[in-house]
Amino acid sequence: METALAKTPRKRQVMFLAILLLLWEAGSEAVRYSIPEETESGYSVGNLAKDLGLGVEELATRGARIHYKGNKELLQLDIKNGNLLLYKKLDREVLCGATEPCILHFQLLLENPVQFFQADLQLADINDHSPEFPEREMLLKISEGTQPGTVFPLKIAQDFDIGSNTVQNYTISPNSHFHVATHNRGDGRKYPELVLDKALDREERPELSLTLTALDGGAPPRSGTTTVRIVVLDNNDNAPEFLQSLYEVQVPENSPLNSLIVAVSARDVDAGAYGTVAYALFQGDEVTQPFVVDQITGEIRLKRALDFEATPYYNLEIVATDGGGLSGKCTVAIEVVDVNDNAPELTLSTLSSPTPENAPETVVAVFSVSDTDSGDNGRMICSIQNDLPFLLKPTFKNFYTLVTQRKLDRESQAEYNITITVSDLGTPRLKTEYNITILVSDVNDNAPAFTQTSYTLFVRENNSPALHIGTVSATDRDSGTNAQVTYSLLPLQDTHLSLASLVSINADNGHLFALRSLDYEALQAFEFRVGATDRGSPALSSEALVRVLVLDANDNSPFVLYPLQNGSTPCTELVPRAAEPGYLVTKVVAVDGDSGQNAWLSFQLLKATEPGLFGVWAHNGEVRTARLLSERDAAKHRLLVLVKDNGEPPRSATATLHVLLVDGFSQPYLPLPEAAPAQAQADSLTVYLVVALASVSSLFLFSVLLFVAVRLCRRNRAASVGGCSVPEGPFPGHLVDVSGTGTLSQSYQYEVCLSGGSGTNEFKFLKPIIPNFLPQGTGDEVGKTTAFRNSFGFN
């Protein structure tokens with residue numbers, strides 16, 4: 001058996017437990033109490049706390065209670081004073097039967113922490129049962145030739161008490177023929193024998209009736225009686241004799257009914273009816289005996305199932321009686337052999353569920369196991385599934401504690417179904433399975449987790465206040481209040497931006513709202529962090545980045561930079577009459593504060609003094625001649641140009657141009673040698689024209705500078721919130737130079753910004769920079785005409 005137990009680590013554990021319990025029992029002494037049986041309930045057996053050296057306050061704080069086999073309530077513990085009280089009357093005969101001494105073993109169980117104390121209660125027998133004979137009358141047939149001194153066995157009386165309270169003596173009513181002798185049996189009980197003192201004479205007295213009395217040793221003694229009727233027979237001088245006075249046999253408790261136990265045999269040397277033997281149970285108590293004897297063959301057979309746990313031994317007395325009434329007696333000692341017919345039993349004492357996660361080694365359950373079989377059939381091993389984070393620990397005798405082997409994690413598994421298997425070592429092995437469910441309670445060990453590490457939200461400018469712009473979401477793997485998430489806005493590191501005036505968040509569901517109307521031209525993007533905090537103790541939190549991109553709306557109309565439309569004296573463009581078709585007269589320059597397609601501009605000639613003479617290029621605003629000029633064309637022309645963006649709906653602006661057709665545009669600057677005196681008057685007119693043109697250009701330049709200064713001031717105010725920044729990448733933040741040529745004597749520079757929020761990489765002409773004046777000089781007519789056509793640098 002030890003070799004089999006050593007095959008697995010669990011079996012070695014059980015062996016270690018057995019050795020440990022033997023050492024424990026050798027070094028510990030149980031507290032023992034003794035009371036008489038039938039003591040009234042509520043009787044104080046003793047002060048268990050004092051006898052065990054425990055404080056009375058420990059009984060309540062440590063969850064003290066009495067544990068008895070099968071969870072029977074025989075005793076009660078008063079935790080207020082530590083007294084051990086009887087729960088009900090105890091009958092020694094019911095609890096222990098013929099076992100002496102009658103000791104009830106019980107344990108004091110302290111649950112927190114787990115500790116056991118062994119205690120015993122001995123029930124002392126009282127004389128509460130009288131002797132009883134199995135029959136009211138015994139019949140003896142005695143031959144008249146029987147010699148004095150012959151002994152006749154009598155049936156014994158039953159007394160359920162033990163010791164001195166059981167049957168101690170037998171007496172018979174006074175008579176002249178018989179007396180009773182009392183003897184001790186091997187099991188300690190007394191039995192009577194009738195002794196013939198004087199020979200019988202059938203002719204004188206054929207029948208006698210005597211009273212047999214059984215007395216116990218109680219104080220006062222109790223008694224029981226039966227009648228012995230003696231029938232005097234004719235002479236029969238030989239009594240039957242058994243071949244063996246004692247038959248010993250072992251019978252398995254699972255033997256089938258009617259199976260042969262043993263066959264007894266007796267001989268009688270008499271002849272005829274006096275030599276015929278009949279067998280019978282001497283006591284004749286067929287109600288309690290599970291055996292029956294064949295009166296002819298002497299075979300003893302099983303008539304009722306045996307139970308080793310109830311009665312392990314039987315002593316049968318078989319009597320053989322011949323036809324003359326003489327009899328002989330033998331004893332059959334039957335030992336019931338135990339078979340493994342009882343499965344182990346498990347009694348659960350304590351179950352702690354739910355058990356908190358992340359806790360160190362915790363006692364989850366306390367239970368005891370028992371098996372009413374004997375030997376290996378009653379030895380047990382206990383186990384649970386191998387894939388569970390729990391461990392079985394033997395503690396006291398057949399008590400076990402189920403403890404956590406490691407910290408539990410509710411998020412991984414919130415419930416464990418544990419099957420405790422108790423198996424005996426019999427053949428075949430029997431086992432019992434007990435299922436318990438352990439729930440794991442939550443501890444706040446998981447911080448909320450956002451569904452995204454960062455969120456990008458898009459909001460179109462000019463939105464209505466309190467607009468829902470998006471939602472952030474976080475989940476928490478915990479449960480209950482530990483999983484309830486609250487959202488909040490975290491402070492910005494950039495103190496120039498007031499987050500509280502821009503957005504708000506719903507603390508319960510993470511909805512984000514824009515608090516005011518946004519302006520793309522002032523603030524194109526901003527970002528902030530949101531926090532998610534659970535309601536555990538202590539609370540755990542996490543963060544996520546939210547970036548808000550403002551989308552442009554077509555809320556700005558195009559603005560014409562050139563020619564300046566400020567109501568002052570309009571600028572007049574000079575065009576020589578000798579100009580070729582396609583000659584660049586001027587260029588309409590306009591910008592749009594929007595971005596993307598909202599800033600894409602197209603140009604269209606709405607009205608002209610003479611239709612068909614001039615044309616406007618739709619994409620760059622260049623005004624060119626459509627055909628050759630003639631002397632019949634009027635000298636002055638007024639053009640109305642429409643500038644329109646590509647938004648939805650589109651916005652537009654108009655620009656008015658004044659064009660003057662001149663003859664001999666280059667005469668003052670290209671005098672012919674032979675015609676110099678004739679051209680003096682023409683030269684003076686050219687000088688006046690140049691002076692007038694310079695004055696107009698200076699006035700235009702001043703207006704542009706004033707406009708630029710105003711725009712710069714507005715831009716600087718909006719810079720704290722956001723605006724145009726020079727983007728990184730392949731587009732450096734240089735200035736676009738628009739050189740003034742043709743009839744303009746200035747050059748302009750415009751700062752170019754790449755719109756980062758539109759997604760279309762469009763350019764914007766934001767504001768003009770300080771203009772550069774072109775030096776005045778002389779040149780041929782072709783050179784001045786080319787400079788005029790290249791005005792602002794757009795060819």
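This is a predicted model: local features need pLDDT of at least 70, side-chain atom pairs count only at pLDDT 80 or more; totals for chains, interfaces and linings use all residues.

I started with Leu 121 and listed its contacts (heavy atoms within 4.5 Å). Leaving out residues up to four places away in sequence, Leu 121 touches Tyr 33, Ser 34, Ile 35, Val 45, Leu 75, Leu 90, Cys 102, Ile 103, Leu 104 and Phe 106.

Residues are numbered from 1 along each chain as its sequence is written, and side-chain values use heavy atoms, with hydrogens and water left out.

**Cores**

Next I looked up the nonpolar cores, meaning sets of buried Ala, Val, Leu, Ile, Met, Phe, Trp, Tyr and Cys residues joined through side-chain atoms within 4.5 Å. For burial I used relative accessible area: under 20% is buried, over 50% exposed, and partly exposed in between (1.4 Å probe, protein chains only). The largest core has 28 residues, and Leu 121 is among those with the most contacts inside it, along with Leu 48, Leu 75 and Leu 108. Helix H3 (48-52) supplies at least two residues of this core, and so do several strands, including E1 (31-36), E6 (102-111) and E7 (114-124). E6 gives the most, with five residues. I also found a second, separate core of 27 residues, which includes Tyr 487, Ile 505, Phe 528 and Val 546. Helices (H or I, at least four residues) and strands (E, at least two) are DSSP runs, numbered from the N terminus.

**Thr 350**

Is Thr 350 buried or exposed? Thr 350 counts as buried, because its relative accessibility is 13%. Thr 350 lies in strand E24 (residues 345-351). I checked its polar contacts (N or O atoms within 3.5 Å; within protein, one must be able to donate a hydrogen and the other to accept it, and residues adjacent in sequence count only if both atoms are side-chain atoms). The side chain of Thr 350 makes one with the side chain of Glu 111 at 2.8 Å, and another with the side chain of Arg 65 at 3.5 Å.

**Salt bridges**

My rule here was a side-chain nitrogen of Lys or Arg within 4 Å of a carboxyl oxygen of Asp or Glu. How many salt bridges does that give? The count comes to 22.

Lys 155 and Glu 135 meet at 2.7 Å, N to O. Lys 155 is in the loop between strands E9 (151-153) and E10 (167-172), and Glu 135 in the loop between E7 and strand E8 (137-143), so the pair ties together parts 20 residues apart in sequence. Lys 155 counts as buried at 12% relative accessibility, whereas Glu 135 is partly exposed at 29%.

I then noted Asp 663 and Arg 577, which meet at 3.1 Å, N to O. Asp 663 sits in the loop between strand E49 (652-662) and H6, and Arg 577 in the loop between strands E42 (572-576) and E43 (584-587); the two are 86 residues apart. Arg 577 is buried, with a relative accessible area of 13%. I also logged that Arg 92, Glu 93 and Asp 125 are joined into one network by salt bridges that share partners.

**Whole chain**

Last, the totals. I got seven helices and 52 strands for the protein chain. Of its 795 residues, 42% count as buried.
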